[in-house]
Amino acid sequence: MAITRARGRHRRPSRLTRTSATAAGVAALTTAGVLGTLASPAGAAQPEPEGSALAGAIAVDEVGTSLAEKIAAQADAQESAADAAAAKRKAEAEAERRAQEAKRKARAERTAEERAARAAERRRLNAYVAPVSGSYVSTGYRTGGAIWSSGSHTGVDFHAASGTPVHAVGRGTVVSTGSGGAYGNEVVLKMHDGTYTQYGHLSSIGVSAGQSVTPGQQLGLSGATGNTTGPHLHFEARTGPDYGSDMDPVAYLRSHGVDL
């Protein structure tokens with residue numbers, strides 16, 4: 001069992017001090033005649049010389065001193081071991097706290113990154129883009145002329161050399177593809193907001209009916225199929241999937257954030 005010793009300002013007398021005190025006490029008892037009165041009854045052997053008694057007292061004191069020092073050393077060692085164990089437990093607890101904090105921080109960062117990625121993906125999917133990158137409107141909406149059966153342009157033409165990639169202006173589903181009469185090869189999309197867009201005069205088509213598309217996804221390549229005087233993209237915005245439900249394509253794109 002652990003042995004403790006009292007702490008305080010009072011220190012245990014040194015071995016020399018205790019030995020001197022013992023010797024002084026023996027001498028004082030001898031001088032006072034006390035040791036003589038403690039002798040054996042009459043007829044017994046004479047008491048040992050004063051020096052022998054002093055030597056015995058010193059020997060006993062030395063044994064006591066040695067034992068006390070061993071006990072004190074053992075107490076010090078146990079105290080040091082307890083302090084070391086406490087320090088180790090504290091260090092381990094601190095390390096565990098830091099590890100848990102690092103995990104919590106990593107989880108929070110991961111969650112924030114995932115949220116940011118989802119938000120960016122939502123923005124991308126809800127974004128609108130121009131149908132031909134870096135192009136411009138070469139023929140405006142409702143432009144009149146004999147070339148159009150209705151007497152006016154039902155969409156806008158984007159300048160595009162044959163074979164230029166044509167993109168979906170937003171997220172939607174392919175409603176139809178193939179020949180559209182005067183429109184040549186066309187693709188019609190139903191947009192995620194319920195409106196429709198049409199892409200005409202394509203030289204090739206790269207999507208099929210029922211397919212989902214995302215903003216900027218390539219639908220095909222521009223060309224000069226159908227009723228046209230040269231390669232370009234005919235683009236329409238519609239309230240329905242069929243001819244005659246057209247609306248201003250430029251206003252439509254601008255209302256969705258596309259700068260033309």
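**Close-up 1. Arg 238 and Glu 236 form a salt bridge between buried residues.** Arg 238 is buried (under 20% relative accessible area, with exposed meaning over 50% and partly exposed in between; 1.4 Å probe, protein chains only), its own value being 2%. Glu 236 has a relative accessibility of 0% and also counts as buried. The two side chains meet in a salt bridge, 2.9 Å from N to O; the term requires a side-chain nitrogen of Lys or Arg within 4 Å of a carboxyl oxygen of Asp or Glu. The structure holds six salt bridges. The model is predicted: local features need pLDDT of at least 70, side-chain atom pairs count only at pLDDT 80 or more, and totals for chains, interfaces and linings use all residues. Residues are numbered from 1 along each chain as its sequence is written, and side-chain values use heavy atoms, with hydrogens and water left out.

**Close-up 2. Arg 142 and Asp 246 form a salt bridge.** Their side chains meet at 3.4 Å, N to O. This pair links distant parts of the chain, 104 residues apart: Arg 142 lies in the loop between β1 (137–139) and β2, and Asp 246 in strand β10 (residues 246–247). Strands (E, at least two residues) and helices (H or I, at least four) are DSSP runs, numbered from the N terminus. Arg 142 is partly exposed at 48% relative accessibility, whereas Asp 246 is buried, with a relative accessible area of 15%.

Close-up 3. Arg 124 is partly exposed, with a relative accessible area of 38%, and Glu 121 is partly exposed at 35%.

**Close-up 4. Glu 94, Arg 97 and Arg 98 are linked in a network of salt bridges.**

**Close-up 5. Phe 158, Tyr 199 and Phe 235 form one aromatic cluster.** The structure holds three aromatic pairs. Rings of Phe, Tyr and Trp (its six-membered ring) pair if their centres lie within 6.5 Å; planes under 30 degrees apart count as stacked, over 60 as edge-to-face and the rest as tilted. The rings of Phe 158 and Phe 235 have centres 6.3 Å apart and planes at 70°, so this pair is edge-to-face. The pair links distant parts of the chain, with Phe 158 in strand β2 (residues 156–159) and Phe 235 in strand β9 (residues 232–238), 77 residues apart. Both Phe 158 and Phe 235 are buried.
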